[in-house]
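Subject: The structure we talked about

Hello,

Here is the structure I promised to send over.

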Amino acid sequence: MLSKSPLEGATRVLLVEDDEDDYVIAHDMLDEIDTQYYVLEWSRSFEDAYHRMIKNEHDVCLVDFRLGGRTGMDLLRSAIEAGCSSAVIFLTGQSDHDVDQE
């Protein structure tokens, strides 16, 4: 009998983050979870993330609020308009009620 690959049934995660240190933190945190396998892909730019998100190949997208001159909210709006249906979680240290509401 063939054993099941750890990647089979893994949760596919896209991290949209321009800071490498934050990528390392996210990678290490997901790697420590032993009850579920995660495949983490990293996108460092708005444009790259947009093209990945509209393919709907990820179970969840973790999106930083600040992406250079644009925001994660700009990315989400554009990606939804182009057909993105993946779950999105925003990562922000803004402590700004207006950002939270948006």
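Arg52 counts as partly exposed because its relative accessible area is 24%, where partly exposed is the range between buried (under 20% relative accessible area) and exposed (over 50%), with a 1.4 Å probe and protein chains only. Please keep in mind that this is a predicted model, in which local features need pLDDT of at least 70 and side-chain atom pairs count only at pLDDT 80 or more, while totals for chains, interfaces and linings use all residues. Residues are numbered from 1 along each chain as its sequence is written, and side-chain values use heavy atoms, with hydrogens and water left out.

Back to Arg52, whose side chain meets that of Glu41 in a salt bridge (3.4 Å, N to O); the term stands for a side-chain nitrogen of Lys or Arg within 4 Å of a carboxyl oxygen of Asp or Glu. This pair links distant parts of the chain, eleven residues apart, with Glu41 in strand β2 (residues 38-43) and Arg52 in helix α2 (residues 46-53). Helices (H or I, at least four residues) and strands (E, at least two) are DSSP runs, numbered from the N terminus. Glu41 is partly exposed too, at a relative accessible area of 22%.

Arg52 also forms a salt bridge with Asp48 (3.0 Å, N to O). These two are separated by about one helical turn because they sit four residues apart in helix α2. Asp48, with a relative accessible area of 29%, is partly exposed. Arg12 joins in as well: Arg12, Glu41, Asp48 and Arg52 are linked in a network of salt bridges.

The structure holds four salt bridges. One of them is between Asp74 and Arg77, with the closest N and O atoms 3.8 Å apart. Both residues lie in helix α3 (residues 72-81), three residues apart, or about one turn of the helix. Asp74 is partly exposed at 27% relative accessibility, and so is Arg77 at 43%.

For the overall picture, the chain has four helices and six strands, which follow the pattern β-α-β-α-β-β-β-α-β-α along the sequence. Of its 102 residues, 32% count as buried. Among contacts (heavy atoms within 4.5 Å) between residues at least 6 apart in sequence, 74% join residues at least 24 apart.

Happy browsing, and do write back with any questions!

Best wishes
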